[in-house]
Amino acid sequence: MDFSLSTEQKEIFEVARKFAIKEMLPKAAEFDESAIFPREIIDKAWELGFTNTCIPSEYGGNGFSLLDAVTIGEALSYGCMGMYTSIMCNDLALSPIVIGGSAEQKEKFLRPFTEKPLLASFCLTEPSHGSDAAGIQSRIKEDGDDYILNGEKMWITNAGHADLLIVYCTIDPSLKHKGITAIVVPADLDGITVGKKENKMGQNCSDTCGIRFENVRVPKENVLGAVGEGWAIAMKTLDHSRPLVSTIALGGSVRAMDCSIDYANERKQFGIPISKHQSIQFMIADMAQKIEASRLLIQKAAWLSDNNLDSTLIASAAKAFTADSCMQITTDAVQIYGGYGYSREYPVEKLMRDAKLIQIYEGTSQIQRLVISRKVLGK
Amino acid sequence: MNIFVCVKQVPDTETKVQPNGDGTFIETSSIKWIMNPYDEFAVEQALLVKAANAGSTVTVLRVGGVKDTEALRTAMAMGADDAILVDAEDNLDSYTIAKSLKGAIDKSGKSADLILCGKQAIDDDCLQVPQVLATMMELPSVSVIVGFEQAGDTVTVKREIEGGALEIYEVKTPVVLATNKGINTPRYASLPGIMKAKRKPMQQLSLADVGVSLEDRRVVYSDFSLPPEKPAGKKFDAMDDAAAAGVVAEVVGLLRTEAKVL
Amino acid sequence: MANVLVFSETNNGNVKPVTLEILGKLTGQSIDVAVIGDLADDQVKVLAEYGAGKVHKLNGANLEKYSPEGYANALHGFISGGSYDYVMTGATSLAKDMVPRLATKFDAGMASDCVNFLFEGDTFQGTRPLFAGKCLAKVSLQGPKPHFITVRPNALGMPESPTAGAGTASDASVEAGEIRAAIKEIIASASEKVDLTEANIIISGGRAMKNPENFSILSEMADVIGATVGASRAAVDSGYAAPSMQVGQTGKTVSPSLYIACGISGAIQHLAGMRTSKVIVAINTDPDAPIFTKADYGIVGDLYKIVPIMTEEFKKILA
């Protein structure tokens, strides 16, 4: 049993943390306020190798393990949760290709991402199907060598900037999850319309839009695995992506605790720094516990995945626990700051707004509990 | 060109510095080490010069403890080709550090065309090593440089002096240059760079290998202590116009004699 | 009694004040002073008042302007002819560059940037800050002599009643030797005000400035002491000052040697941006303003009366 990161992982963490503090943190408030897409940050992160961590080295990637990737994720999310959502979006979107794609598909679709800073979007959720993903309605119909894709997707991260879309659709909605198919759709095909950018509560720099597909002609060779294998690919993708999404909560939690500690040592009430008041000490102690536990869950989920062991339960536990913890920690951070915390002049209210999304996307905290309970109850 | 960069590993700027139990140095057990920030400019400048001069190599040198080699690995992850580490205590003086660096350069078997250092290390803040090393190697040096241009074997550098004025020097290589903030923007070590750095050679030498012993030290420190606590401020009442002139004269006087900021 | 040589730089023909600080602290030792180039008699007299025994004026070719090698070679030649135990000088830009080179020519050590020192018998014992002043340590020197020491300007302070020395002036001829790194040109610092984040002195105005025009009284004081003008968020939000002038959490974080806060109450957002200033002066009519808890020198008074008086005082003291 060894809980220490490798020398390289420590170095990777340090360089990512430095990047987060020097490049991301100073712009976090402005990008949030004006909902500026962090293109420059993503491009710089790509230059340094922080993006596309899932691409294997044989296709030009860095050959990172998931444990490497979550190490990067925690460090970058400290800078801005919203920016990191947009940075890690490629990992979510490209993982289905890594998991279900053929060698030719990987060469064709993954390698370009290692040659220039391209963006990809993972398109699963629909206006009327979120948690109930097996019920999606977007359809493909065979037409010669192609499929014709019709349907509508909702809450798609980076949609307005994506070069490649990984779309989940069905060959027949009545087949439920057995009909679901994952298909790679270049974003410039005819018939694709990206909706307006959603006006969100938090993570405002990250781009979120709906997408409409109208008679989009996609070559059959773009189907990942086979028709009807999409559901299995999506589930494996989530096992891989949930630890990564959890790092957004972890990085944000660490930032909220750091802010809280600094402020509690600085702010005086009743003649002493508020960090000397037990009520504040306990809130910070709770933050520290939750952060340690979050990190351990994430690392275990990543380790299981890297060793090809079943990580579904722990990945869901990590996602639910880190997201709920981050919500509590950022809420407490605002409480510690008092009136200043509620003001946009100070950094913690943004953390609280950003945190809320993590309990919702990539499977709500309730869906995670569903996954966990099915596992532990043996259903 | 054979380019050498001298780096030092220093406590992170955020570190809370505490004297150790017997006051012989600071407490180092829980310190996070980083590359001396001024040395990052030296590494970056070396990499820029390498890029502009085909066939150049960048060798990074460090004198210090072997337990944590953060600074050398960072430099190699940024793009330096190889590294030499002289294993020594972390509290050598400038003289023995410079002598060790010279010994390491001699041992490398390469003749140095350019030696770059940070202008000062943020631990002992001595600003000596580059000039001492240059003198030991019988080379010219320019310290605190904020600008660099090269034309063949001639370099033109800007040295920053008091009040922001600049001295422009023209000097032929080989030369020792000490970099200041402003000369460039150090790159980040990229993640592929970190992976590649694992395979780059790091030679390890002892002080004896470079002909240095602890008896060579010229400067000895003792009695490390925390600076005295800042006393509570002084408050003067000048609401009364009659008192104002006297109060202001007193405060301005104190700024000069007590606070010593004028 | 130690034999000490103090190397003095000059500024417009005057010896630098740090020389006199050092001389004052050397009472009881045998003290010589060396300068490169000529020195007027009145300056020799000043040196004598502060304790200089002999004053050596070193002249030779290629020493009109500074070069690290030329100065080090010239002083090396001169010092080799004497029997000095210590060579001391102010820790200026020039000395920081040149003295390490000079010391190494003697294979000798150097204590940089001492803020205090004393002699135990003939033996130097200094104090110097390390880790950016987070620590102090005693420093002593060993090995071949002379030993070299630089002293931080303004650290010792001017001696109040110095013991005079003979002040015998003499000329010495020295060789600059081979100069490989030579100054080709000097570019004077741009007259533009330094940026807040780099300023050594900052004068900031708060809500009490009432309008943009009133900032002129701060600018006048700033011109006198070479300061940069800043503002609190309240002043910026009220349109009295440009956003680029804002000091604080959402503005610039500054750490000048001297920060003068005028009519600033000291909201936590402002304090976050300037609390690392070395010395803080606060001027405010409210004696309970939080700024006074951070101020080294607090003046409870009306800035419109205090600032003009202070400007005049600065003029007097810096004349």
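Okay, let's start with chain C: the centres of its domain 1 and domain 2, taken over C-alpha atoms, are separated by 38 Å. Those domains cover 3–173 for domain 1 and 196–318 for domain 2, with bounds from an automatic or database domain assignment.

Before I go on, this is a predicted model, where local features need pLDDT of at least 70, side-chain atom pairs count only at pLDDT 80 or more, and totals for chains, interfaces and linings use all residues. Residues are numbered from 1 along each chain as its sequence is written, while chains are lettered from A and ligands numbered from 1 in the order in which they are written.

Now, where B touches C: 66 residues of chain B and 64 residues of chain C take part, with contact meaning C-beta atoms, placed from the backbone, within 7 Å. On the chain B side, the elements giving two or more residues include helix 4 (129–136), strand 7 (141–151) and helix 6 (241–257). Helix 6 of chain B gives the largest share of that side, eleven residues. Helices here are DSSP runs of H or I, at least four residues, and strands are E runs of at least two, numbered from the N terminus.

Over to chain A. Helix 3 of chain A (residues 66–79) has 14 residues, and at 1.5 Å a residue it should span 20 Å, which agrees with its end C-alpha atoms being 20 Å apart; the expected span is 1.5 Å times one less than the number of residues. So is helix 3 of chain A buried or exposed? 14 of its 14 residues are buried, so it is largely enclosed by the rest of the structure. Buried means 20 or more other C-beta atoms within 10 Å of a residue's own, C-beta atoms being placed from the backbone.

One of its neighbours is helix 6 of chain A (residues 230–266): the two pack at about 35 degrees, axes 7 Å apart. Among the residues meeting there are A:Gly73 from helix 3 and A:Gly251 and A:Gly252 from helix 6.

Last pair: the axes of helix 7 (residues 278–306) and helix 8 (residues 312–337) of chain A come within 9 Å and cross at roughly 160 degrees. Helix 7 and helix 8 of chain A are therefore roughly antiparallel, the word for angles over 145 degrees. Residues meeting there include A:Met283 and A:Met287 from helix 7, and A:Phe321 from helix 8.

Conventions
A residue is buried if 20 or more other C-beta atoms lie within 10 Å of its own, exposed if 12 or fewer, and partly exposed in between; C-beta atoms are placed from the backbone. Axes are lines fitted to C-alpha atoms, for helices over the stretch in contact, and angles run from 0 to 180 degrees between N-to-C directions. Angles under 35 degrees count as roughly parallel, over 145 as roughly antiparallel, 65 to 115 as roughly perpendicular and the rest as oblique. Two residues are in contact if their C-beta atoms, placed from the backbone, lie within 7 Å.
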